Amino acid sequence: MKNTARESQNEGRIVIVSSEGHRWFGHPEGVHFDKINDKSSFSTMYAYGQSKLANILHANELAKRFKEEGVEITANSLHPGVIATNVLHNHSWILNGLFTKVAKYFLQSIPQGAATTCYVALHPQVKGVSGEYFSDSNLSKPIALAKDEELAKKLWDFSLSLTDPK
């Protein structure tokens, strides 16, 4: 991507889907690095919130690194909205049927849910905007931990340690 952006002189855009769930379901200190694979303390909701915070932190760290390197690539994160999908299709037909009938009144359609992703990826108004969080096709403010540069760097280094083939 870096080579393509340099050679084409066109801005590259990285869009990372997160969620407003980073506000409600995460740990107060952000990421539990020492318990990342601890089955005894696993909670689906905390894991979800932590992963969504990590998505925002990752986008921000990418944005910082691209800026430092002078590469014309932006990295942003976003909340797509609460979307009516068939997420419960493997559960009881009664629960799924009830959810489907009620959901259409308060959840976004799939095209509505894709709007913010498309906006951040393609809209001219977002040209040059990097390291930001969007919701409803607008800039939004994530929790303070999501803007913590030290936490973003720690997560980056931790991720590298987990993926290093050495």
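Gln9 is exposed, with a relative accessible area of 65%; exposed means over 50%, buried under 20%, and partly exposed in between, for a 1.4 Å probe and protein chains only. Gln9 sits in the loop between α1 (2–8) and β1 (12–17). Helices (H or I, at least four residues) and strands (E, at least two) are DSSP runs, numbered from the N terminus. Although Gln9 is not a glycine, its phi is positive, at about 55°.

Asp136 likewise has a positive phi, of about 50°, without being a glycine. Asp136 belongs to the loop between β3 (133–135) and β4 (138–140), and it is exposed, with a relative accessible area of 51%. Most residues other than glycine have a negative phi.

## Basis of the model

This is a predicted model, in which local features need pLDDT of at least 70 and side-chain atom pairs count only at pLDDT 80 or more, while totals for chains, interfaces and linings use all residues. Residues are numbered from 1 along each chain as its sequence is written, and side-chain values use heavy atoms, leaving out hydrogens and water.

## The nonpolar core

The largest nonpolar core contains 12 residues, among them Val31, Phe33, Tyr133 and Leu155. Such a core is a set of buried Ala, Val, Leu, Ile, Met, Phe, Trp, Tyr and Cys residues joined through side-chain atoms within 4.5 Å. Helices α3 and α6 (149–163) each supply at least two residues of this core, and the largest share, 4 residues, comes from α3. In soluble globular proteins, nonpolar side chains tend to be buried together.

## Salt bridges

The structure holds 7 salt bridges, each defined as a side-chain nitrogen of Lys or Arg within 4 Å of a carboxyl oxygen of Asp or Glu. One of them joins Glu69 to Lys2, with the closest N and O atoms 2.8 Å apart. This pair links distant parts of the chain, since Glu69 is in helix α3 and Lys2 in helix α1, 67 residues apart. Glu69 is partly exposed at 39% relative accessibility, and Lys2 is partly exposed at 32%.

Another salt bridge is formed by the side chains of Lys127 and Glu72 (3.2 Å, N to O). Lys127 lies in the loop between α5 (110–122) and β3, and Glu72 in the loop between α3 and β2 (73–79), so the pair ties together parts that are 55 residues apart in sequence. The side chains of Glu11 and Arg13 also meet in a salt bridge (2.7 Å, N to O).
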